[in-house]
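Student: I've got a model open and I'd like to go through it with you. Can we take it piece by piece?

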Amino acid sequence: MAKSPEEEHPQKVFGWAARDSSGSLSPFPFSRRHEIVGVVTKTGKSVTKFNKGDRVGVGVMVGSCNTCETCQQDLENYCPKVIFTYNSPNHDKTKTYGGYSDMIVVDHRFVVRFPDNLPSDSGAPLLCAGITVYSPMKYYGMTEPGKHLGVAGLGGLGHIAVKIGKAFGLKVTVISTSPAKEDEAINRLGADSFVVSTDPAQLKAAMGTMDYIIDTVSAVHALAPLIGLLKLNGKLVTVGLPNKPLELPIFPLVLGRKLVGGSDIGGIKETQEMLDFCAKHNITSEIELIKMDYINTAMERLAKSDVRYRFVIDVGNSLSQ
């Protein structure tokens, strides 16, 4: 008789949960609980890639079918049976709960080695934000030194895109609705220029100057102004996820032979490649490190966009409270 999940994995784990409006406890269903960095405490008998004591990371996914065409191309993130790190049915029918705990058991094929010179706290967001912008830049050929990259939106994704773009040798312009972010973009993150997308004069001056734009904006917004900033054969790739459809004007695409595409994180092989690239170029996320007892306040601040640019939970030190 097959063992139950509890019998197969008898190790006790300490985790955090939230009480919903009905009074029931649940493991923070509203949050994503991924971008996990920790130390290997034990490996299965068939695991040869990792050893006890290794520092490793777990990103957005913890499983896939491992047999389909996309999996065979190291694109597990596009597998129809991908298993996400949180709120996803596992192979054994249990639900994945993510990283709000002192331990997590993960298939070794979905674990990446964390480079020695990457800090655990500011390096952790690279496991989602980093690969989300790195993968489309590689796939769509947005890496040629000297070319001009526009980064629409300066948030959790956008600030990493600026850093990665500069590491590729690109000229980087931040496109934002907030003039107050110009100093941050140029003097702290290293962008070359800044365009306020609500300023018609600035948009006009920048028209037809960019080879690529990576659009990280998650709110509903107009695509036409961004398309207008592209040169002939320019590429606009969106990685933000607005909750309503966006209007896509066709005439500027046809008349400028321009491309609009999308992208969703990356496979495990590419995620490791991205981490090694970021380690080589000293790229980390701008974060605010918090303990678990601050999470409700953090969620309130997130709703107001009051964070630069990621909250990272120090799980280990939260246990000592």
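Student: How do the residues lining the second largest pocket divide into nonpolar, polar and charged?
Tutor: Quick heads-up: this is a predicted model, where local features need pLDDT of at least 70, side-chain atom pairs count only at pLDDT 80 or more, and totals for chains, interfaces and linings use all residues. Residues are numbered from 1 along each chain as its sequence is written, and side-chain values use heavy atoms, with hydrogens and water left out. Here Ala, Val, Leu, Ile, Met, Phe, Trp, Tyr, Cys and Pro count as nonpolar, Asp, Glu, Lys and Arg as charged, and the others, Gly among them, as polar. The lining, which includes L75, Y78, S135 and E270, divides into six nonpolar, five polar and one charged.

Student: Which helix gives the most to that pocket's lining?
Tutor: A pocket is an open set of points on a 1 Å grid over the protein atoms alone, with protein on both sides within 12 Å along at least five of seven lines, and lining residues have an atom within 4 Å of a point. Helices (H or I, at least four residues) and strands (E, at least two) are DSSP runs, numbered from the N terminus. With three residues, the top contributor is helix α4 (residues 129-139).

Student: What volume does the largest cavity have?
Tutor: A cavity is a set of grid points where a 1.4 Å probe fits but cannot get out. Grid points are joined across faces, edges and corners, and a volume is the space filled by probe spheres set on them. The structure holds one cavity of 30 Å³ or more. The space in the largest cavity comes to about 90 Å³.

Student: Which residues lie nearest the centre of that cavity?
Tutor: Its lining has nine nonpolar residues, four polar and no charged. Both β4 (55-58) and α10 (268-280) supply at least two of the lining residues. Of the 13 in the lining, those nearest the centre are G59, V60, L127, I268 and T271.
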